[in-house]
Amino acid sequence: MNGIQMPHFPPLQGDLHTDVLVIGGGLAGLLCAHRLTCAGINCTLIEQNRLMQGISGRTTAKLTSQHGPVYARLLETLGPERARLYWQANQTALTALCAVAEKAECDLSPHSCYLYSTDGTQSLEREMVAYEQLQIPYRWVNALPLPFSVSGALAFDHQAQFHPMKLASHIARGLNIFENTKAVSFVKNRVQTPMGTICAEKIVIATHFPLLNKHGAYFLKLYQQRSYVIALENAPQTEGMYLDCAENGLSIRSAGPWLLLGGGGHRTGKKGLGWTLPEAVAKRYYPQAHIAARWATQDCMSLDAMPYIGSYSKSTPDLYVATGFQKWGMSSAMLSALLLCDLICGRDNPYAALFSPSRSILHKQLLYNGADAVLNLLRPTRPRCPHMGCALQWNRAERSWDCPCHGSRFDRKGQVLNNPATDDLRRPPRA
């Protein structure tokens with residue numbers, strides 16, 4: 001965010017009619033609005049605060065179809081045809097986003113992406129078998145230019161990284177946008193804001209965690225995870241993007257003069273390592289470097305390791321959603337733009353059924369999500385989350401109140417930091 005001149009847009013004042021309303025000014029919402037506008041659709045975007053100040057402003061911006069050790073799981077749960085379709089969808093999104101980024105000065109550069117292991121090759125070999133069965137191109141690598149040894153790595157070539165804030169600044173200038181405009185209520189195709197009403201033929205909700213509880217059951221289908229990043233100065237630069245295949249392993253890539261180390265993630269509202277993991281790695285392997293910045297981000301996780309992109313629910317044909325990006329928001333944001341534009345324009349899309357939000361929810365994660373929600377609803381403590389009433393937990397590392405049910409977060413004064421909650425706490429709690 002530092003030094004980036006994002007364009008400013010006024011709040012909506014008065015009533016408005018538009019063909020498509022996009023709610024949410026992160027990268028997914030901006031790319032959807034950009035795609036629809038390029039297709040000749042009268043499109044308006046509203047953002048509750050400022051553009052790109054939420055999750056999209058805190059991404060490490062890896063643009064890749066190598067989404068961790070996911071393909072072995074998808075092959076087992078979906079079968080080869082649909083698992084390969086997942087890879088094709090993300091490769092298509094990668095190519096499309098690169099085409100948009102090439103027209104902007106956003107530091108786009110091609111890189112290989114590496115999934116590595118430091119604890120044997122069993123997980124990598126399982127993933128490699130899936131690659132071969134799905135005919136996904138890859139390379140096996142025995143060693144990496146990292147300060148620690150690895151058991152091996154799987155490489156995807158022709159992937160990319162870029163500066164998402166610079167890209168957003170470029171595409172936003174050609175869009176019809178209102179900032180500081182909150183969607184207060186929904187009545188069919190009408191959205192009430194503090195200063196006016198918007199009537200739209202179609203509505204896209206791209207607010208990270210979906211806003212409406214009465215449709216789609218997203219409070220059961222999603223949970224959120226925190227992730228932690230430090231930026232090191234005076235650390236060796238590295239070509240490529242690296243991710244440990246372990247559940248809570250390191251993420252590494254260079255960004256300008258900095259080396260980004262990520263790790264220590266955990267479910268929002270639960271205990272985790274936080275910044276202590278990347279800090280310990282920096283101290284051990286990069287002793288001459290110092291920490292220039294640190295931040296955390298939050299990701300929506302689905303039941304089956306795939307995003308929900310499409311009709312919000314079976315009962316809302318003119319309402320659409322893009323969520324559950326599983327920590328891979330760059331390719332998923334562009335995939336959402338491609339898919340939703342086709343659906344809104346009445347065109348067939350080969351990936352629509354695969355990412356449909358109305359697909360089966362019968363997965364083990366549903367039981368975990370439900371159990372967590374019940375336990376925290378029954379816990380007799382204060383404060384409570386205004387989203388659905390779960391007991392909040394104090395996050396000492398970030399000095400915030402976090403909801404373990406659905407991931408809402410609030411600062412010490414009770415002001416909302418992360419949705420799905422949209423309102424502040426009525427009584428500022430004591431830390």
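**Reading aromatic pairs**

Mentor: In this predicted model, the count of aromatic pairs, with ring centres within 6.5 Å, comes to twelve.

Trainee: By what is a pair of aromatic rings described?

Mentor: A pair is described by the distance of the ring centres and the angle of the planes. For Tyr131 and Tyr138 the centres are 5.5 Å apart and the planes stand at 50°, so this pair is tilted.

Trainee: Is Tyr131 buried or exposed?

Mentor: Tyr131 has a relative accessible area of 0% and is therefore buried. Tyr138, at 24% relative accessibility, counts as partly exposed.

Trainee: What kind of pair do Tyr228 and Trp275 form?

Mentor: Tyr228 and Trp275 form an edge-to-face pair, with 5.0 Å from centre to centre and 75° between the planes. This pair links distant parts of the chain, 47 residues apart: Tyr228 lies in strand S11 (residues 223-233), and Trp275 in the loop between strand S14 (258-267) and helix H7 (276-285). Tyr228 is buried, at a relative accessible area of 1%, and Trp275 counts as buried at 14%.

Trainee: Which residues do ring pairs link into a cluster?

Mentor: The cluster linked by ring pairs consists of Tyr71, Tyr86, Tyr131, Tyr138, Phe156 and Phe355.

Trainee: Over which rings does the charged end of Lys221 sit?

Mentor: The charged end of Lys221 sits over the ring of Tyr218, 4.3 Å from its centre. It also sits over the ring of Tyr308, at 4.9 Å from the centre of that ring.

Notes
Residues numbered from 1 in each chain as written. Predicted model: local features only at pLDDT ≥ 70, side-chain atom pairs only at ≥ 80, totals over all residues. Heavy atoms only, no water. Phe/Tyr/Trp six-rings, centres within 6.5 Å; stacked < 30°, edge-to-face > 60°. Buried < 20%, exposed > 50% of the residue type's maximum accessible area, 1.4 Å probe, protein only. Helix = DSSP H or I, 4+ residues; strand = E, 2+ residues; numbered from the N terminus. Lys NZ or Arg CZ within 6 Å of the ring centre and 35° of its normal.
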